[in-house]
Amino acid sequence: MDNPKDYSKYTVLIVDDIPVNILLLKTMLARINVQILTAVDGGQALETVRKLKPELVLLDIQMPVMNGLDVLKKMKNSPELKDIPVIMVSAYTSPEDIEQSMSLGASGFIKKPVIMDILLSSVTSELDRI
């Protein structure tokens, strides 16, 4: 993918409890040169978002401690976090899961297994709005 725009000033938080999924997303995102933060559960995700304020969060739904929908809900209910866009990245792709994610305030929904072109176009279009 030829993308002349430099995204290195942006930070993306990847939240997933499966290390290989994080690695896969990191590898794909390396193409657009964003800074990467990671979290392995919802609690850690919220802590990272509060402390480091990434420009975008890629959030898995099914995780221990706190699932992605609860993280999304907490972020959207927080005055300081509500404007950070969240793209759900999940193998839970029923219309209900997608609808619930969007109604809770997700900016987008990417189905697993993740297709790189879809990931990169979703991420860059969110970052381009900032």
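Visitor: How many aromatic pairs does the structure hold?

Guide: It holds 1 aromatic pair. A word on the source: this is a predicted model, where local features need pLDDT of at least 70, side-chain atom pairs count only at pLDDT 80 or more, and totals for chains, interfaces and linings use all residues. Residues are numbered from 1 along each chain as its sequence is written, and side-chain values use heavy atoms, with hydrogens and water left out.

Visitor: Why is the pair of Tyr7 and Tyr10 called tilted?

Guide: Rings of Phe, Tyr and Trp (its six-membered ring) pair if their centres lie within 6.5 Å; planes under 30 degrees apart are stacked, over 60 edge-to-face, and the rest tilted. The centres of Tyr7 and Tyr10 are 6.0 Å apart and the planes stand at 40°, so the pair is tilted. Tyr7 and Tyr10 are both buried (buried is under 20% relative accessible area, exposed over 50%, partly exposed in between, with a 1.4 Å probe and protein chains only).

Visitor: How do you know whether Asp16 is buried or exposed?

Guide: Its relative accessibility is 1%, so Asp16 counts as buried.

Visitor: What are the labels of Glu126 and Arg129?

Guide: Glu126 has 8% relative accessibility, so Glu126 is buried. Arg129 has 60%, so Arg129 is exposed. Their side chains meet in a salt bridge at 2.6 Å, N to O.

Visitor: What is the distance in the salt bridge of Lys53 with Glu80?

Guide: The closest N and O atoms of Lys53 and Glu80 are 3.3 Å apart. Lys53 has a relative accessible area of 34%, so Lys53 is partly exposed. Glu80, at 46%, is partly exposed. In total the structure holds 7 salt bridges.

Visitor: Why are the buried residues of H1 said to be on the same side?

Guide: In H1, Asn21, Ile22, Leu25, Met28 and Leu29 are buried. They cover an arc of only 130° around the axis, so they are on the same side of H1. The arc is that of the directions from the helix axis to the C-beta atoms. The face turned away from this buried side carries the exposed residues Pro19, Val20, Leu23 and Thr27.

Visitor: What makes a nonpolar core?

Guide: A nonpolar core is a set of buried Ala, Val, Leu, Ile, Met, Phe, Trp, Tyr and Cys residues joined through side-chain atoms within 4.5 Å. The largest one has 22 residues, and Val15, Val57, Leu59, Met75 and Met88 have the most contacts inside it. The largest share of this core, 4 residues, comes from H3.

Terms used. Salt bridge = Lys/Arg side-chain N within 4 Å of Asp/Glu carboxyl O. Helix = DSSP H or I, 4+ residues; strand = E, 2+ residues; numbered from the N terminus.
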